[in-house]
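Please look over the sequence and the structure shown here before reading on. The report that comes after them is written for someone new to this structure.

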Amino acid sequence: MAQELNNQKIAILVADGFEQVELTEPKKSLDAAGAITQIVSPNDNEVKGWNSTDWGDKFPVDIDIEEAKASDFTALLLPGGVMNPDKLRRSEKAIRFVKEFFAQDKPVAAICHAPWILIEAGVVQGRKLTSFYSMKTDLINAGAEWIDDEAVVDRNLLTSRNPDDIPAFNRQMIQLFTQRVLQQAQ
């Protein structure tokens, strides 16, 4: 595979309870494209995934949210799950971190329930996006146009519905993040 994202740093923002496959599969795609992926979290040393109906594996935290700056990264990945985005949307530092990506017009990829974080950050109004179906009303109420599609790109934002959409999500994520790298090179 080509190294479209060779040495580009990608932040993966999570707290305990993220849907594990929504971190591991996109991370594999990013790593295969040459990216340097780093888990950013308000957790101190590790985060614990959620594997469909029970706790999953533990993953080391690379950067504490206290130290994280969007300017150090090319792009941001936001895995979903229910618990993870609910915890992150209550963290002022996590919301600040997400807002920085949008302020710097950097690409963000969010799947499943992760758009809860985007709502809290105030970045969905006037955008087209998708999410897990139960969030449709939340997103519409926040001013977004909700679309029932496996992957929706609106400018620098990619959203996807659920783990079944990961193949399409990964393809679109690599494409969106690569576009950013090409723009920076010009």
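The sections below take up the model, a sheet, a helix, the nonpolar cores, an aromatic pair and single residues.

## The model

This is a predicted model, in which local features need pLDDT of at least 70 and side-chain atom pairs count only at pLDDT 80 or more, while totals for chains, interfaces and linings use all residues. Residues are numbered from 1 along each chain as its sequence is written, and side-chain values use heavy atoms, with hydrogens and water left out.

## A sheet and a helix

Helices (H or I, at least four residues) and strands (E, at least two) are DSSP runs, numbered from the N terminus. Three strands form an open sheet in the order E2-E4-E5, with mixed pairing, where two strands pair if DSSP finds at least two bridges between them. Strand E2 (18-19) and strand E5 (54-60) stand at the edges with a single partner strand each, so one side of each is left without a neighbour in the sheet. Strand E4 (residues 46-51) and E5 run antiparallel and are joined by five bridges, and tryptophan 50 has tryptophan 55 in E5 as its bridge partner.

Helix H1 (residues 20-32) has 13 residues, which at 1.5 Å a residue should span 18 Å, and its end C-alpha atoms are 18 Å apart, which agrees; the expected span is 1.5 Å times one less than the number of residues. Within H1, Gln20, Glu22, Leu23, Thr24, Pro26 and Leu30 are buried, where buried means under 20% relative accessible area, exposed over 50%, and partly exposed in between, with a 1.4 Å probe and protein chains only. After H1 comes glycine 34, with a positive phi near 95°.

## Nonpolar cores

A nonpolar core is a set of buried Ala, Val, Leu, Ile, Met, Phe, Trp, Tyr and Cys residues joined through side-chain atoms within 4.5 Å. The largest such core holds 33 residues, of which Leu13, Val40, Leu76, Leu78, Phe97, Val98 and Leu118 touch the most other members. At least two residues of this core come from each of E1, strand E7 (75-78), H3, E8 and helix H4 (115-121), and H3 gives the largest share, six residues. Apart from this core lies another, of 28 residues, among them Leu5, Ile10, Phe59 and Phe169.

## An aromatic pair

The whole structure contains five aromatic pairs, where rings of Phe, Tyr and Trp (its six-membered ring) pair if their centres lie within 6.5 Å, with planes under 30 degrees apart counted as stacked, over 60 as edge-to-face and the rest as tilted. The rings of phenylalanine 97 and phenylalanine 101 have centres 5.0 Å apart and planes at 90°, so this pair is edge-to-face. Both residues lie in helix H3, four residues apart, about one turn of the helix. Phenylalanine 97 is buried, at 0% relative accessible area, and phenylalanine 101 is likewise buried, at 0%. Phe73, Phe97 and Phe101 form one aromatic cluster.

## Single residues

Threonine 130 is in the loop between strand E9 (128-129) and helix H5 (136-141), and counts as buried because its relative accessibility is 0%. Its side chain reaches the backbone oxygen of isoleucine 147 at 2.6 Å.

Most residues other than glycine have a negative phi. Asparagine 7, in the segment before strand E1 (9-13), has a positive phi near 65° and counts as exposed at 52% relative accessibility. Aspartate 105, in the loop between helix H3 (92-103) and strand E8 (108-111), has a positive phi near 55° and counts as partly exposed at 49%.

Notes: A polar contact is a pair of N or O atoms within 3.5 Å; within protein, one must be able to donate a hydrogen and the other to accept it, and residues adjacent in sequence count only if both atoms are side-chain atoms.
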